[in-house]
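This briefing is intended for a reader who is new to protein structure. Please consult the sequence and the model while reading the points below.

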Amino acid sequence: MADKNGPDGTGETGRGKQHEPDIRDDDLERRRRDLEASLATRRPDRLEGKDDAKAGSAAGYGQAVKLSSEFIAGVVVGAGIGWIIDRMAGTSPLGLIVFLLLGFGAGVLNVMRSAGVVAEFGQGDKSRPGRDDSK
């Protein structure tokens, strides 16, 4: 028993002799096609094609760039207006600070509008429940 130290008890390393019949390529291909057909019936909402995951991630990157550029634009425009007002009025840091904060708020509001969290200006629900407009 000391000489039979292999994984399958034969004394040889590796897989040893296969007791299963040889599986043919055409049988594997048939089983693969059956599995694909079974999966296709279970997930009909999935689009066909190789680049589905890449297309989804590219759309996500595009949305991220759009949202970040809207936020940065709000902050930069606010800082620019504040700097111009400081130069014209001579109030050195006050205008820059105030308009930088206003630009930050505008940038956050633009991002929320683009993400669909906040309704567009003038598009709010005017007939809210619990609000009495007859007064």
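In this predicted model, one aromatic pair is counted. The rings of Phe 71 and Phe 104 have centres 5.4 Å apart, which is within the 6.5 Å limit for a pair. Their planes stand at 80°, over the 60 degrees required, so the pair is edge-to-face.

**The aromatic pair**
- A pair of aromatic rings is described by the distance of the centres and the angle of the planes.
- Phe 71 lies in helix α2 (residues 52-89), and Phe 104 lies in helix α3 (residues 94-115).
- The two residues are 33 residues apart, and their pair links distant parts of the chain.
- Phe 71 has a relative accessibility of 27%, which lies between the 20% and 50% limits, so Phe 71 counts as partly exposed.
- Phe 104 is also partly exposed, because its relative accessible area of 44% lies between those limits.

**Helix α3**
- Helix α3 contains 22 residues, and the distance from its first C-alpha to its last is 32 Å, close to the 32 Å expected at 1.5 Å a residue.
- Which residues of α3 are buried? They are Gly 95, Gly 103 and Gly 107.
- An α-helix has 3.6 residues a turn, so residues three or four places apart point the same way.
- The exposed residues Leu 94, Leu 101 and Leu 102 are carried on the face of α3 turned away from its buried side.
- Just after α3, Gly 116 has a positive phi of about 85°.

**Annotated regions**
- An unreviewed UniProt entry gives the annotation "transmembrane region" to residues 67-85 and 91-112.
- In the model, residues 67-85 are 100% helix and 0% strand, with their end C-alpha atoms 28 Å apart.
- Residues 91-112 are 86% helix and 0% strand, and their end C-alpha atoms are 32 Å apart.

**The whole chain**
- The protein chain has three helices and zero strands, which follow the pattern α-α-α along the sequence.
- Of the 135 residues in the protein chain, 7% are buried.
- Among contacts between residues at least 6 apart in sequence, 37% join residues at least 24 apart.
- The accessible surface of the protein chain is about 11,700 Å², and 60% of this surface belongs to carbon and sulfur atoms.

Notes:
Residues numbered from 1 in each chain as written. Predicted model: local features only at pLDDT ≥ 70, side-chain atom pairs only at ≥ 80, totals over all residues. Heavy atoms only, no water. Phe/Tyr/Trp six-rings, centres within 6.5 Å; stacked < 30°, edge-to-face > 60°. Helix = DSSP H or I, 4+ residues; strand = E, 2+ residues; numbered from the N terminus. Buried < 20%, exposed > 50% of the residue type's maximum accessible area, 1.4 Å probe, protein only. UniProt positions renumbered as here; feature names shortened; annotations may be inferred. Expected span 1.5 Å × (residues − 1). Contact = heavy atoms within 4.5 Å. Areas by Shrake-Rupley, 256 points an atom, 1.4 Å probe, with all protein chains shown as cover.
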